[in-house]
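We'll go stop by stop, with something to pick at each one.

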Amino acid sequence: MSRPVRFNIHPKQPDIHDNIALAEMPDGLNGEGYFATNLEKVVALGRKNSLWPLPFATSCCGIEFMATAAANYDLARFGAERMAFTPRQCDLLMVMGTIAKKMAPILKEVYLQMAEPRWVMAVGACASSGGIFDTYSVLQGIDQVIPVDVYVPGCPPRPEAILDGFMRIQDLAGNESLRRRNSEHYKALMGSYDIQ
């Protein structure tokens with residue numbers, strides 16, 4: 001015999017004001033019915049809060065990333081709701097796991113197919129430095145083929161560490177000048193990786 005369903009007869013009313021966090025408004029002038037600010041700050045605010053990650057997972061760090069995207073840690077609350085597996089629609093490349101030397105040209109091709117601005121996060125010891133695999137066939141850090149913005153240490157890193165790395169990428173995206181990608185320093189960095 002099945003049990004009768006019990007309903008909560010004294011439900012708590014949710015207070016939506018305590019559960020929603022709004023992004024900080026950029027500096028500017030505001031008044032009755034208007035707000036004026038710098039275009040660069042508005043674009044940075046949009047980029048920071050709407051990063052689209054491209055997970056490039058090859059081993060155990062990818063499993064930790066699955067936990068990060070699941071309900072307990074909820075990467076979507078940072079604006080990364082949409083995981084896309086096409087580089088043309090993403091702006092954050094998250095490399096997780098061991099990258100073999102044969103895979104390095106593929107990784108670089110995926111990076112080149114992403115539109116600017118793009119950021120890269122090396123998740124775990126293998127993507128950052130080759131990890132325990134100091135062998136002839138494993139790339140000793142993805143920064144040998146593409147530039148890396150944030151390194152997340154660990155073998156594998158916990159979901160909290162991946163979230164911390166994601167927030168560091170958000171800081172970079174929120175503080176980056178619109179003209180940085182056209183600077184001589186940035187062009188020299190891309191030139192060192194043989195990227196036009």
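Here is the tour, from the whole chain down to single residues.

**Before you click**

This is a predicted model, where local features need pLDDT of at least 70 and side-chain atom pairs count only at pLDDT 80 or more, while totals for chains, interfaces and linings use all residues. Residues are numbered from 1 along each chain as its sequence is written, and side-chain values use heavy atoms, with hydrogens and water left out.

**Whole chain**

Colour by secondary structure and you get seven helices and six strands. Helices here are DSSP runs of H or I with at least four residues, strands are E runs of at least two, and numbering starts at the N terminus. Reading from that end, the order is α-β-β-α-β-α-β-α-β-α-β-α-α. Of the 196 residues, 34% are buried; that means under 20% relative accessible area, with exposed being over 50% and partly exposed in between (1.4 Å probe, protein chains only).

**The sheet**

Strands pair when DSSP finds at least two bridges between them.

Zoom in on S4 and S5, which run parallel and are joined by five bridges.

**The cores**

Show side chains for Leu93, Val95, Leu107, Tyr111, Ile142 and Ile146: they have the most contacts inside the largest nonpolar core, which has 24 residues. A nonpolar core is a set of buried Ala, Val, Leu, Ile, Met, Phe, Trp, Tyr and Cys residues joined through side-chain atoms within 4.5 Å. H4 gives the most to this core, with four residues.

Centre on Ile142. Leaving aside residues up to four places away in sequence, Ile142 touches Val95, Ile99, Leu107, Val120, Ala122, Ala127 and Val148; contact means heavy atoms within 4.5 Å. Apart from this core lies another, of 19 residues, including Leu51, Ala80, Trp119 and Met121.

**The hairpin**

Jump to S1 (residues 28–31) and S2 (residues 34–37), an antiparallel pair with four bridges. Gly28 has Thr37 as its bridge partner in S2. Two residues sit between the strands, and Gly33 takes a positive phi near 85°.

Most residues other than glycine have a negative phi, and most peptide bonds are trans. Which bonds and residues go the other way here?

- Glu116 to Pro117: a cis peptide bond, omega near -5°, with Pro117 in the loop between H4 and S5.
- Cys155 to Pro156: also cis, omega about -15°, with Pro156 in the loop between S6 and H6.
- Asp74: positive phi of about 55°; it counts as partly exposed at 30% relative accessibility.
- Asp194: phi near 60°, in the segment after H7; it counts as exposed at 61% relative accessibility.
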